[in-house]
Amino acid sequence: MLTRSGGSLEPLWQAWLCSGLGVDLGMWTETLRWRTPLRYAAVCALLLALGAHLLSVGRGREPVGRTVVRVLMAAVLLVHGSGALTLLLKTGTGDYCLLVREEPAFLRGTSAVLNVEVALVLAALCALAAVRVPRHRVRRLVRSRRFRRVAVGTAAGGLLCLLPAADLGSGPVTGLDACGPGDPLSRRGESAFLCNARLTFPTMPDHDLLAYGRRECATYPDIRVELALIVPICPPAARRWDAELAAEEAELDRRDAANQAACDASRHRPLTTPVGVRRELLWSEIGLEVYEDHEAATEEEPALHHDVVASAPGHLRIGVASDSRICLTTETYRGRPPVEVKGWDKVIEVGYESPTGDAVIWVPMSGPSRTSNLAFLGRGHYRLRVHYREPVWDRDLPQHILVMAFPGKSERVVAHRR
């Protein structure tokens, strides 16, 4: 049933048009595995029509053969000729079929017009032309009262069926370039809804898109789209969205507080006095990194030693568990500190050459940490001892990383604890 919402007819019929139940049978068969059998069936229908016509002419029953040819060729045109009709309809109605299918249906529909279907359609049209009714019979049929009655009824019914197309006039389309910065879900109103929905419906006119969103809001909570799509124009959905967002933020705050308490409770107590100590609770899904912007720095990612640390001139990587917070501590020493392995799962020591003297640990795609500069004495050679303790998964507690930096020229990798 088609209803109006906000003064604009809902684009429900476009979904039907682009489905296998509408006139899109040509593209519907393109999506099925029996596309090739249907083409072979069309060739068989052409041969059968030719045989039926020859047989009926030979026996003096030409009208029977003409009827058989028309029925078979009508079936061929219905299946293989609707691709061209669909292409024209998509062009005239704003290409709504692209909104129903995620795959590039336009390209598939174009190929349906440009490949084997063209030959089948032309063959069917030639067959229909071969059995056409003589012109004097056509004139007699057109002038008959029965034909006029059928024509008037068909025209009236066609107008009623095509009436929804009157609401498909092209209208303005708000592009993403007009949305501006920021998250549309943080705003409310029609403009925010259009910006939020443009990624899903890139070509639908604004008035149709708003009508679609209002209809989904009217049926809330029984919606067929993602909740986030209608949040800007649907107050009930917005209240639910805000409540869920607030609950998520409260849970994140609770986890952060628990992780920070775990970090504070397990602070490292150095056996000798360090030059500097820095601590930070952070998050990274792809590890930690030091990369000094210098021509001597190695751009290729070095291989991790025991899944903990990798070192190259101007480039350092530290492996982490991707789904756990990180308690990161950096300590800098002027001399070699005592080796500590108790309470740590892995302790790996490597050499590191700093070409710039700026070796701050970064979180990739986030920014630099607030921990110490590992090359605290300027450019030169250092030894880095990385301690790693796995997270407590059943209690949702973070992983711990302690990095000790001190001067040293050796490049040897030492696994104090694997």
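**Strands, helices and cores**

Analyst: In this predicted model, the hairpin formed by β5 and β6 has two residues between its strands, and Gly314 adopts a positive phi near 75° there.

User: Which residue of β6 stands opposite Glu289?

Analyst: Strand β4 (residues 288-291) is joined by four bridges to β6 (residues 315-318), and the two run antiparallel. Opposite Glu289, the residue in β6 is Arg317.

User: How many residues of the contact of α11 with α12 are charged?

Analyst: From α11, the residues Glu190, Phe193, Leu194 and Ala197 meet Asp206, Leu209, Leu210, Gly213 and Arg214 of α12. Five residues of this contact are nonpolar and one is polar, while the number of charged residues is three.

User: Which element gives the largest share of the largest nonpolar core?

Analyst: The largest nonpolar core has 26 residues, and Leu288, Leu374 and Ile401 have the most contacts inside it. Two or more residues come from each of β4, β6, β7 (326-332), β8 (346-354), β11 (380-389) and β12 (399-407). The largest share is four residues, and it is given by β11.

User: How many residues are in the other core, which lies apart from this one?

Analyst: Ile401, leaving aside neighbours within four places in sequence, is in contact with residues including Leu288, Ile318, Ile326, Leu328 and Val386. Apart from the core discussed above lies another, with Met204, Val225, Ala237 and Ala238 among its members. The number of residues in that other core is 19.

User: Is Ser372 buried or exposed?

Analyst: Ser372 is found in the loop between β10 (367-368) and β11. Leaving aside neighbours within four places in sequence, Ser372 is in contact with Gly276, Val277, Arg278, Thr330, Thr332, Ala359 and Val360. Residues under 20% relative accessible area count as buried. Since the relative accessible area of Ser372 is 10%, this residue is buried.

Notes:
Residues are numbered from 1 along each chain as its sequence is written. This is a predicted model: local features need pLDDT of at least 70, side-chain atom pairs count only at pLDDT 80 or more; totals for chains, interfaces and linings use all residues. Side-chain values use heavy atoms; hydrogens and water are left out. Two strands pair if DSSP finds at least two bridges between them. Contact means heavy atoms within 4.5 Å. Ala, Val, Leu, Ile, Met, Phe, Trp, Tyr, Cys and Pro count as nonpolar, Asp, Glu, Lys and Arg as charged, and the others, Gly among them, as polar. A nonpolar core is a set of buried Ala, Val, Leu, Ile, Met, Phe, Trp, Tyr and Cys residues joined through side-chain atoms within 4.5 Å. Buried means under 20% relative accessible area, exposed over 50%, partly exposed in between (1.4 Å probe, protein chains only).
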